[in-house]
Amino acid sequence: MSKSTKNQIMTALAELLQAKRLDDITVTELVEKCGISRQAFYYHFSDLYGVVDYGIQILLDELGAARPEEWRTAMERTLTLLREHRTLVLNVYRAYERSYVESHVRRWAAPLVEARTRLAARGYGVTEDQIGFMTDLLTQGLASIVLSWVEQGMPSSVIERMDDFDILVGGCLDYTLERLAQKNKK
Amino acid sequence: MTMMNSVKRAGFRALYGYLDKDPDANIPKLMDWVDRFAGNGPNSFPTQRAAFRKVIENPDNNWYGLIRSMWTDIDGEVRKTFFENFMLNGNLIGWTVQEEARERYGCNIPWAILLDPTSACNLHCTGCWAAEYGNKLNLTFDEIDSIITQGKKLGVYIYIYTGGEPMVRKNDLIALCNKHSDCEFLCFTNATLIDEDFADQMLRVKNFVPAISVEGFEEATDGRRGTGVFQKVRRAMEILKQRKLPFGTSCCYTSANLDSISSEEFVDRLVEWGAKFAWYFHYMPVGNDAAPELMPSPEQREQMYGRIRAYRKSKPLFLIDFQNDGEYVGGCIAGGRRYLHINANGDVDPCVFVHYSDSNIREKSLLDCLRSPMFIAYHDGQPFNENHLKPCPMLENPDKLREMVAKTGAQSTDLQSPETAEHLCAKCDGYAAAWDETAERLWTCGHSCGQCGQTCEEHRQAG
């Protein structure tokens, strides 16, 4: 029963979000729409934000783990999917502190960027610490691009921008890895 | 005030992060932080801190062992939630809010609220006073939710379920843990309804701690609770231990079981089973069908006094003997001074054992219940005795309860078989008179020699 109730709640919230903002929706209103009790809602979620978190997690799970070689397509798939759920995403963006949204974006971006970094770093004599440092910086870069994009209302043009970002990352990594390896030898 | 709380919160989280990073190296240094944090004000508990420092700096000490086991035996997220909800919200932050409310409203404001989600129980134990309530009464989810919401405004973050068997309502309990994720929930339970699925839900919500009732070993537990119950309890403990979930035990001591239930063998077994705390309750002759002969004799109660104090210096287990530990909490904690009890009918009782009330939570706000004549009588009467080994207005000072009930017109809230205060108190008169001499001797001894830390028995043996 539990998974379907959770999904039922999430779907109902997504529908309510078409008409109003998250802050204006109450749990009572949501459970009435679902035809369930308040306690059934609270068995699964602490509050409405919990439903949104769950929704985002489902989206991210849908994307699945990408292989490092496919990271460019993985980014594009994510952005396309986020655009399809534009109302939900924009609501989250408005309802939460920016730092909270950023943490979600980074949670998605970090493993992707790390895999990409590790792929590029093969054969170079660089330390774990240095890989971590590069991953952090590039994750921040990707997260800011995504956040600014959401802020601008999620225009489709960003998909092309991803090509440029891919080139930038590739160049950065090659150059930096080379220099770090040289430095480490000394 | 809010600003002060953010400072406390930030400081506490930094402290916890520091401990969590390397408990072995940092537990002994904990008191340096706490001392800096507490300052030198009148509410900074200087003696308690000094005593705590003494034990925490010694890795062979039993208290060090108990604290250390929080890192080896308890799930990391559950531990963090416990520190946050119980220590930070329930005490550091909650206490300040409670104190302000005490001053503003001139009444008791509790530290914890005990409530019965239901009078129903899946077992039928011999002589259970809760069973007398019958099994048709329930506080609804919304009612409990409202009690907690009102409680938090007064600084109460600790909620303890009694009953009945609260776990009969297990889905609602999980829902309440989830909704009030900033509170810590404890639950007195017979544990027979704790299964893998429920333990997984406990792990998910992180703020639910069972206090499992046992009567002693298998024979004693099954004798009172029914055949096979002990094995179910052991199974529940195993399930909890596997998932690194914290739990404790609750034991009622009587003239019949006192010796075995307070034996070193039994206490060692509790530690081995994985209990982190053991709460002992003196048998109370409550209800028309009570068996006053089960009340411990003065000699037995003194034995309990000595044993629990000795274990507290040697076992990695947080033991409390509520009737004998009044000295640590200034006597009676009921009547909302530190806690109150709401039964499954909504009646707001001053104590889990004192079922006389003039308020029902379905008719009044929590604050108005605390300002009702019966609760004010507790407020004005506490402590009921200067000797905290005689803390209770019923058991050791029965005239106090007679007087409060007469003065306030509080009614019996026992729905099955209402008992007059006179009937109840008459069962305590003889007990109180008999206990008096021992209580005076222990109290004088314990206090004339200051913080010697010895029991009278040890003291006499030492000459």
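Trainee: What share of the 463 residues in chain B is buried?

Mentor: Buried residues come to 44% of chain B. Buried here means 20 or more other C-beta atoms within 10 Å of a residue's own; exposed means 12 or fewer, partly exposed lies in between, and C-beta atoms are placed from the backbone. Keep in mind that this is a predicted model: local features need pLDDT of at least 70, side-chain atom pairs count only at pLDDT 80 or more, and totals for chains, interfaces and linings use all residues. Residues are numbered from 1 along each chain as its sequence is written, with chains lettered from A and ligands numbered from 1 in the order in which they are written.

Trainee: Got it. How many helices and strands does chain B have?

Mentor: Chain B has 19 helices and 11 strands. Those are DSSP runs numbered from the N terminus: helices are H or I with at least four residues, strands are E with at least two.

Trainee: And why call chain B as compact as a globular protein of that length?

Mentor: Because its radius of gyration is 21 Å, close to the 23 Å that the globule rule gives for 463 residues. The radius is taken over C-alpha atoms, and the rule is 2.2 Å times the number of residues to the power 0.38. Along the principal axes, the C-alpha atoms of chain B fill a box of roughly 60 × 55 × 50 Å.

Trainee: Can we zoom in? Where does B:T192 lie?

Mentor: B:T192 is in the loop between β3 (184-189) and α9 (196-205) of chain B.

Trainee: Is B:T192 buried or exposed?

Mentor: Buried, because 21 other C-beta atoms lie within 10 Å.

Trainee: Which residues does B:T192 touch?

Mentor: Leaving out residues up to four places away in sequence, B:T192 touches B:N122, B:L123, B:V229 and B:K232. Contact means that the two C-beta atoms, placed from the backbone, lie within 7 Å.

Trainee: Switching to chain A: which domains does the assignment give?

Mentor: Domain 1 (1-58) and domain 2 (64-186), with bounds from an automatic or database domain assignment. Their C-alpha centres lie 30 Å apart.

Trainee: How many residues are in contact there?

Mentor: 9 residues of domain 1 of chain A meet 7 residues of domain 2 of chain A. On the domain 1 side, α1 (2-19) and α4 (48-63) of chain A are the elements that give two or more residues.

Trainee: Last one. How many residues does each chain bring to the contact between chain A and chain B?

Mentor: Chain A brings 6 residues and chain B brings 9 residues.
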